[in-house]
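Please look over the sequence and the structure shown below before reading on. The paragraphs that follow go through a few selected places, one after another.

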Amino acid sequence: MCLFQSVMNYLPKEVLEHVFDFLTSHHDRNAVSLVCESWYGVERFSREKVFIGNCYAVNPERLIDRFPRLRSLTLKGKPHFADFNLVPDGWGGHVYPWIEAMAKSGINLEELRLKRMVVSDESLELLAKSFPNFKSLVLVSCEGFTTDGLAAIASNCRLLRELDLQENEVDDRKGQWLSCFPESCTSLVSLNFACLKGEVNVAALERLVARCPNLRSLRLNHTVPVEVLQKILVRAPQLSDLGTGTFTHDPDSETYVKLKNAMKNCRSIRSLSGFLDVNGRCLPAIYPICTSLTSLNLSYAPGIFSNELIKLICHCKKIERLWILDTIGDKGLGVVANTCKELQELRVFPSDLYGVGNTAVTEEGLVAISAGCPKLNSILYFCQQMTNAALITVAKNCPNFIRFRLCTLNPIVPDAATNQPLDEGFGAIVQSCKRLTRLSVSGLLTDQLFLYIGMYAEQLEMLSIAFAGDSDKGMLYVLNGCKKLKKLEIRDSPFGNMALLSDMGKYETMRSLWMSSCEVTLGACKTLAEKMPRLNVEIINENEAGEDKASCDDRHRVEKMYLYRTLAGPRTDAPDFVWTL
Amino acid sequence: MEKRGAGLETELRLGLPGGEVEKNEKKRVFEEFDGCEDKAAVHKNQVVGWPPVAAFRRKNSFNGGKMYVKVSMDGAPFLRKVDLSMHKGYSELVRALEDLFGCFGIGEALKEDEENNEFVPIYEDKDGDWMLLGDVPWEMFANSCKRLRMMKRADANGVGLHAKDLLKGFSKED
């Protein structure tokens, strides 16, 4: 044994702990804990932040047992396709058992971050009352709570720094939750209530802002008028992240002038969002802050017309992250390409889901962006049409994509110029972008694309497939080729039992697999469940409740299957329509 | 730049022996998607969850919650637009329509509690079908209405429409 190795073996625990303190990523911490028993032990007692990507993969008790010093917990619940109404209500993902277990065990919880979970008012109340040092609550795409639960948080969390509500379904009880922050609360750093529907007490809001000198991030909801925004900006010129409420006002009015002046004084704003309900003629008020903006989200502002957007963009030379609607058009994207040389992440959302949709963007806009923005590494692009030639050009221009998500409004549209499948285009993307970790494909696609993905997408962790492929081979290429695959979600594609069962051990290396409207049968799912006890294979069956499970023919196709690795065994809170095989 | 349609009619068959094929076929049939015509009329099959826009975003970003639809009245030289999100129910909407077209005598026609009402309010839904106003709950109507039309009663005769019953139903909502 060399000297170095023997020294490492005898390093005191405190030293190891100190060294581990420098490891911030979960990945590194996890790796370190696998080295040897002694390192595992030191690591688990010193770990304060834990990330659990699937709340059903492990029990709360096990978490607490392993990490008694837990201070910050991140949990994710429902599968991603729940966002698109593919998962029925009542599926699960409740946070209550976690909060209850941590409260009982005396965990000193300071931070809780939840995504796609069901959060009841009882959970929030228990949370608020059980953890005296609680500082930060971040809820993303959650549901199940009302403003009463928020009132409990506001009233009881003396040291609250962050209350960040992103895109949650909240039942607004029209109470005075915001007024529940006591006068003694001066510690707020971040407050985001943009997703709430109801009015808040604006006087209480202004007072709250005035007494929190560390407030850096504030996102208002649509009920907060411009007059109040102006007053808030005067009180909090130190803000670095602002989400406006409505932004409609008479541009000739005194309030508007005051707003312009207040904006000029906010020299720290780097991130801007909101504009829920906007009058485009009011936008010049924000031009002064545009020059230093690094993040801009106008994706909830369909009222801004293309030319107004373009004028605005011209001021945003330092933008790194831009979320907009396709009302910007290909021409507008050309302006972005010429102006926003620091752009790293772009998301273009559709503005017209059902209608005639003449405002959509095409492959032209995407090519322009790829040519003009050398730092681009993440894209979500909803478009009317696409071509292989365009994707090949994009792949050449931008080899640095980490995330590439393309969605054609018609899910099986072929190359708009040649009528061929889009295999070659997406193939070019995976071949060129060696660091790609997330990919969503759409359009007319055959097994050939999946061959390319299996061959080239070595770093791919998450793949979303819809209406694509010809046969089991497609799915097999992916399962065999993508060694780092963690999440695979497939809908409406002709992949069946052969692909599902060919490498069952693979699923223990992944977080989860979702397959809906594919060709897997009940029998195959049962086989998989039997052979792999450390997987939960769940079938979502939305037929009449009376249907007898035993009488279901194994040859019947399964409409929705969700399987995931787990140490917790079959879940005890599954509703009637979820069968764990 | 010319936008070409897909020109594709694809039926992805599952071909299982005696299995439940029908249910899923519906979801996979996409009719010809010609950019020149009214796409809404052509693209009849609404696929669940496509395009993949998060439910929260769907509810909250389109048209800022506003739902402007065109309103035409038979005989009127131009159309108007009404924002469905501004009204909480059918009676409010009918009042708004009366305001819009008052100068064309619609107000009197609808108010009269007779079977001589000159106009019948109908709407085109997401499937492209023309429906009589008032059958479904307001919310359902507002989410599926693409345009409104005040149809001359004369054109609707023999179909068993009773506009006055309709309006009776509306006033109960208040």
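Which backbone nitrogen does a side-chain oxygen of Asn201(A) reach at the start of α9(A)? In this predicted model, that oxygen of Asn201(A) comes to within 3.1 Å of the backbone nitrogen of Ala203(A).

From α14(A) the contact draws on Asp330(A), Leu333(A), Gly334(A), Val336(A) and Ala337(A), while α15(A) contributes Glu364(A), Gly365(A), Ala368(A), Ile369(A) and Gly372(A). Sorted by class, the residues in this contact between α14(A) and α15(A) are 5 nonpolar, 3 polar and 2 charged.

The strand β22 of chain A, covering residues 560–565, is mostly covered, with 5 of its 6 residues buried. Strand β20 (residues 512–516) of chain A runs antiparallel to β22(A) and is joined to it by 5 bridges, and in this pairing Met515(A) has Met561(A) as its bridge partner. Strand β21 (residues 535–540) of chain A also pairs with β22(A) in the antiparallel sense, over 6 bridges, and here Glu538(A) stands opposite Tyr562(A). As a general point, side chains in a regular strand alternate between the two faces of the sheet.

Some details of the backbone remain. Arg116(A), although not a glycine, has a positive phi of about 55°; this residue is found in the loop between β3 (111–115) and α7 (121–130) of chain A, and Arg116(A) is buried, with a relative accessible area of 10%. Asp277(A), likewise a residue other than glycine, has a positive phi near 70° and lies in the loop between β11 (271–273) and α12 (287–290) of chain A, where Asp277(A) counts as partly exposed at 32% relative accessibility. In chain B, the peptide bond from Trp50(B) to Pro51(B) is cis, with omega near -10°, and Pro51(B) lies in the loop between α2 (39–42) and α3 (55–61) of that chain.

Notes. Residues numbered from 1 in each chain as written. Chains lettered and ligands numbered in written order. Predicted model: local features only at pLDDT ≥ 70, side-chain atom pairs only at ≥ 80, totals over all residues. Heavy atoms only, no water. Contact = heavy atoms within 4.5 Å. Helix = DSSP H or I, 4+ residues; strand = E, 2+ residues; numbered from the N terminus. Nonpolar A, V, L, I, M, F, W, Y, C, P; charged D, E, K, R; others polar. Buried < 20%, exposed > 50% of the residue type's maximum accessible area, 1.4 Å probe, protein only. Polar contact = N/O pair within 3.5 Å; in protein donor to acceptor, adjacent residues only side chain to side chain. Pairing = 2+ DSSP bridges.
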